[in-house]
Amino acid sequence: MPAAIAASAVTRRFGEIVAIERLSLEVEGGEIFAIVGPDGAGKTTLMRLICGALALDEGTLLVDGIDVRRQAWRVQAAIGYMPQRFSLYPDLSVMENLRFYGNIFGVPRLEFAKRAQELLNDFALAPFTRRLADELSGGMKQKLALACTLIHSPTTILLDEPTAGVDPVSRREFWRILYRISAGGTTIFVSTPYMDEAERAHRVAFITHGAILSLGSPADLKAHLAGEVVEITTQQRPKARRALRDEPSVRSIEIFGEALHALVPSAANAIPAIEARLRDAGVTDAVLRVIPPSLEDTFVARLSS
Amino acid sequence: MSAAAAVSSTVRVDALTRRFDSFVAVDAISFEIRAGEIWGFLGPNGAGKSTTIRMLCGVLAPTSGSAEVLGYDVGRDPEDVKLRIGYMPQGSSLWDDLSVEEHLRFYCGMFDIYGPGEKRAVDRWMERLDLKKRRSQLAGTLSGGYRKRLALACTLLHDPKMIFLDEPTSGVDPLSRREFWDIIVGLAEEGTTVLVTTHYLDEAEHCNELALIYGGKIIARGTPENLKHAPGGGETIEIVSEHNVAILDAVESLPFVRSAGLYGSALHITVAHKEDAAQLKAAVSRLGISIASLEPVTPSLEDVFADLVRTP
């Protein structure tokens with residue numbers, strides 16, 4: 001079976017700017033694949049290239065084995081794309097919006113009725129079919145947009161920052177839905193600015209400046225972190241933080257609740273240095289221990305090394 | 001300095017309410033923020049965060065109740081409030097075709113800082129926020145992290161004792177986010193009071209005090225540690241398994257499960273009482289699904305909020 005998405009040395013320029021530079025990745029069928037990166041890293045450009053909305057300058061890009069350059073129309077039937085600002089028609093009802101997208105994708109009548117009902121039930125939108133899109137809450141609008149993206153039963157969906165600016169509890173629910181879709185066999189390619197969300201994906205690629213910085217399962221990425229995290233618990237947090245700011249063995253220092261988290265290349269080397277710095281600064285109550293890193297720690301380590 | 005500015009509470013809010021026609025956006029909320037505190041304001045979109053901030057900044061009049069910021073009443077003396085606070089709005093407040101230095105000089109003009117004072121303020125904040133090397137660069141060509149630094153510098157030129165930061169780190173890479181928080185913590189240590197909103201719960205861990213607003217009401221308050229160990233907060237169990245979703249589907253409707261969700265690559269389930277943990281364990285083992293581990297953990301802030309929002 002071909003990969004759901006296979007990108008090989010894909011490059012796209014805008015004038016002088018290289019938005020995507022020789023980027024290669026493979027997404028397996030049924031996988032939830034997250035791309036994480038700051039604004040301007042190339043996440044949106046990559047999605048547009050995959051769905052054929054933008055032409056690539058170099059490289060090859062296959063979706064379900066179909067070449068995006070040669071048969072964009074076949075690719076477009078196989079994927080659903082939810083851009084950052086998905087256009088719902090505010091003065092159409094929930095059902096009318098679904099029907100509109102069903103028509104665009106040429107979903108046959110009978111199939112549409114069945115599919116729409118399925119999606120409305122799955123997303124808890126069934127009681128609101130007659131409500132205008134404009135009158136839905138933010139979370140419901142987002143679910144309707146996702147339903148419209150899925151109406152033609154695509155094998156792969158591309159979701160561009162579906163949860164940007166959404167609160168953590170709603171994000172948790174949205175991911176619940178993604179898991180359900182994924183369990184049905186649909187491949188999900190999703191971008192997010194939130195590292196805790198990426199941790200929920202099967203595999204993650206971190207991209208900056210149009211290229212992949214690291215790629216793997218969250219567990220792999222954490223296991224291969226070029227460094228360790230030391231938790232420092234003290235009542236004198238500000239003082240301890242100041243004392244460690246200029247310590248060369250500490251890459252970054254962060255407040256976490258009542259503790260500090262220091263990202264260090266090697267805990268064995270850093271702990272004596274940290275203890276000495278704290279002692280010199282008069283911080284006497286510090287308790288140090290090595291803790292498991294978060295996914296974000298791994299990226300900060302890569303970015304700062 | 002006025003006598004009012006000497007009080008230790010920078011913000012005092014008493015039964016503050018704002019209606020838009022029949023809709024109550026902010027419903028009789030009360031709280032205080034002490035000087036030098038980093039106060040995190042959390043909640044879903046539309047819960048009332050921005051409306052509250054706009055009232056505290058003196059740009060939106062309260063319907064009823066009162067709020068004092070730096071000793072000035074926001075309803076009676078909004079202009080005094082506006083001159084003394086710094087406000088960094090959500091999204092961009094920069095002009096793409098003005099340079100870093102031009103931005104800072106423009107904002108000096110807005111706050112009546114001229115002559116030697118202007119040069120001093122511009123140099124000081126460029127230095128402090130590491131913008132000197134980029135002084136002639138157009139804002140439109142700055143990276144996300146530096147755009148946020150510039151926006152922050154623009155809010156600090158007049159040395160406000162209180163700053164409001166509305167989602168200041170959205171769309172910024174993790175390293176820049178940490179650097180930005182380093183600056184915020186430094187400002188607070190020097191005595192600046194900070195009210196900040198964020199959807200990143202790891203950032204909420206930086207705050208001295210958190211408030212969760214939901215439906216216009218503050219439904220929880222406390223330090224991050226207090227919130228995680230609140231009485232009645234129940235017990236959070238972490239399950240690690242290859243079959244998270246199947247377990248989640250099976251347990252979430254059990255009567256003693258208060259909230260459940262995927263947490264990173266694990267599953268977090270909050271039950272009402274310690275004793276329910278055993279019941280949960282039994283229920284999971286009846287499923288016949290293999291699990292790697294099942295044990296109580298300190299809840300994350302996300303667990304706490306998921307629980308609060310579901311059982312307000």
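**Two interfaces of chain B**

Between domain 1 of chain B and domain 2 of chain B there are zero residue pairs in polar contact, both residues at pLDDT 80 or more; a polar contact is a pair of N or O atoms within 3.5 Å, where within protein one must be able to donate a hydrogen and the other to accept it, and residues adjacent in sequence count only if both atoms are side-chain atoms. The side of domain 1 that touches domain 2 has ten nonpolar residues, no polar and one charged; Ala, Val, Leu, Ile, Met, Phe, Trp, Tyr, Cys and Pro count as nonpolar, Asp, Glu, Lys and Arg as charged, and the others, Gly among them, as polar.

This is a predicted model, with local features needing pLDDT of at least 70, side-chain atom pairs pLDDT 80 or more, and totals for chains, interfaces and linings using all residues. Residues are numbered from 1 along each chain, chains are lettered from A and ligands numbered from 1 as written, and side-chain values use heavy atoms, without hydrogens and water.

The domains are 3–227 and 233–310, with bounds from an automatic or database assignment. About 760 Å² is buried between them, 86% from carbon and sulfur atoms; buried area is the accessible area (1.4 Å probe) that two parts lose on being put together, summed over both. L201(B), L212(B) and L227(B) supply 52% of what domain 1 buries there.

Now chain A. The area buried between chain B and chain A is about 3,500 Å², 52% from carbon and sulfur atoms. There are 13 salt bridges between these chains, each a side-chain nitrogen of Lys or Arg within 4 Å of a carboxyl oxygen of Asp or Glu. One joins R241(A) and D182(B), closest N and O atoms 3.0 Å apart.
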